[in-house]
Amino acid sequence: DSNPRSESVIPAYCTACVGGADCIYIGHHIDRVFEFGVGYFVWFVNSNDEGARGLGRLLADAFPGRFILMTSNVRLGASGTWNRFIDFFFYRTVNPIPWFLNVNGDFFARENAMQDYLAFA
């Protein structure tokens, strides 16, 4: 269990399923963040992919309060999803987090990459 305000974790890790290949790589992202630890894992499903939405609901149920599923019925594209992350974490939450890591859905981080991101922050 990682406290999003701790200096030893990434407060939030955000990625999106905009359509196509990036929707199937959620497992890779989960493996990377759980090897290191994050406060919140946010997955924005910005497509009508019912398989991705269903998987997101299962993960949200499995990790309540830690895995956040965001959806949109309107195609926002990559930049639109990033704007939603910014809006959610900096303006809509009661306690805004200091920063978050946003990666493309088809991004493949090497092992131990999270430590490098945290060192850079």
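Predicted model: local features only at pLDDT ≥ 70, side-chain atom pairs only at ≥ 80, totals over all residues.
Local features need pLDDT of at least 70 and side-chain atom pairs pLDDT 80 or more, while totals for chains, interfaces and linings use all residues. Residues are numbered from 1 along each chain as its sequence is written, and side-chain values use heavy atoms, with hydrogens and water left out.

**Exercise 1.** Work out where N46 lies, and whether N46 is buried or exposed.

*Solution.* Start with the elements, which are DSSP runs numbered from the N terminus (helices: H or I, at least four residues; strands: E, at least two). N46 sits in the loop that links β2 (38-45) to α2 (50-62). Next, take the accessibility classes: buried is under 20% relative accessible area, exposed is over 50%, and partly exposed is in between (1.4 Å probe, protein chains only). N46 has 0% relative accessibility, so this residue is buried.

**Exercise 2.** Find the contacts of N46 and G77 (heavy atoms within 4.5 Å), leaving out residues up to four places away in sequence.

*Solution.* First, N46 touches C17, V18, S72, V74, R75, L76, G77 and T81. Then turn to G77, a residue of helix α3, which touches V18 and N46. Finally, G77 counts as partly exposed because its relative accessibility is 24%.

**Exercise 3.** Identify the helix that holds F90 and the class of its accessibility.

*Solution.* F90 belongs to helix α3, which covers residues 77-92. Its relative accessible area is 32%, so F90 is partly exposed.
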